[in-house]
Amino acid sequence: MFFVAAGTKGVIESVVQLIVLLAIFAGILFLAYWSSKLTAKFSSKTMQNGNVEIIETIRIHNNKYVQILKIADKYIAVGVGKDEICFLSELSEDAIVRRSLDGKKTDFKEILNYFTQTGEDSKGQDSHALEEDEEEQ
């Protein structure tokens with residue numbers, strides 16, 4: 001009875017409009033996702049092929065940072081402010097200590113040996129060596 005009073009044509013048009021609007025919304029979301037993926041892929045390729053790499057960044061104050069950069073085969077420390085960048089010093093490669101996300105020193109050779117060796121004895125020796133490195137810090 002409701003359909004007769006309201007008119008079946010009007011209800012069907014409303015449902016169709018809702019479905020079309022949802023399809024357009026889903027299409028816009030898909031295009032936004034696709035374009036962000038494309039942009040990320042393009043920017044990552046340009047960053048990998050460049051000669052400049054940011055090794056570490058430490059925040060000193062609001063909008064003030066100290067960064068260690070690798071430019072070609074040289075390491076430099078720079079101070080970065082809101083409107084300026086100041087050269088601080090050049091660093092030797094031996095002075096650079098690369099750390100993982102959890103703050104531990106990363107030595108790829110030790111990590112690779114840890115995961116490639118089998119048996120309890122070899123894993124116990126490597127974990128003992130990793131524990132010694134942690135104690136040195």
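Student: What is the bridge partner of Glu-53 in β2?

Tutor: Lys-70 is the partner of Glu-53. This is a predicted model, in which local features need pLDDT of at least 70, side-chain atom pairs count only at pLDDT 80 or more, and totals for chains, interfaces and linings use all residues. Residues are numbered from 1 along each chain as its sequence is written, and side-chain values use heavy atoms, with hydrogens and water left out.

Student: What makes β1 and β2 a pair?

Tutor: Two strands pair if DSSP finds at least two bridges between them. β1 (residues 52–61) and β2 have 8 bridges, in the antiparallel sense. They therefore count as paired. A strand here is a DSSP run of E with at least two residues, and a helix is a run of H or I with at least four, both numbered from the N terminus.

Student: Why is Gln-67 called buried?

Tutor: Buried means under 20% relative accessible area, exposed means over 50%, and partly exposed is in between (1.4 Å probe, protein chains only). Gln-67 has 17%, so Gln-67 counts as buried. Gln-67 lies in strand β2 (residues 64–71).

Student: What makes the Gln-67 and Thr-57 side chains a polar contact?

Tutor: The definition asks for a pair of N or O atoms within 3.5 Å; within protein, one must be able to donate a hydrogen and the other to accept it, and residues adjacent in sequence count only if both atoms are side-chain atoms. The two side chains make their polar contact at 3.3 Å.

Student: Which residues does Gln-67 touch?

Tutor: Among them are Ile-54, Ile-76 and Val-78, not counting residues up to four places away in sequence. Contact means heavy atoms within 4.5 Å.

Student: Why is Asn-63 called partly exposed?

Tutor: Asn-63 has 44% relative accessibility, so Asn-63 falls in the partly exposed class. Asn-63 sits in the loop between β1 and β2. Phi of Asn-63 is near 60°, a positive value in a residue other than glycine.

Student: Where is Ala-72, and why is Ala-72 called partly exposed?

Tutor: Ala-72 is in the loop between β2 and β3. At 48% relative accessibility, Ala-72 therefore counts as partly exposed. Phi of Ala-72 is near 55°, also a positive value.
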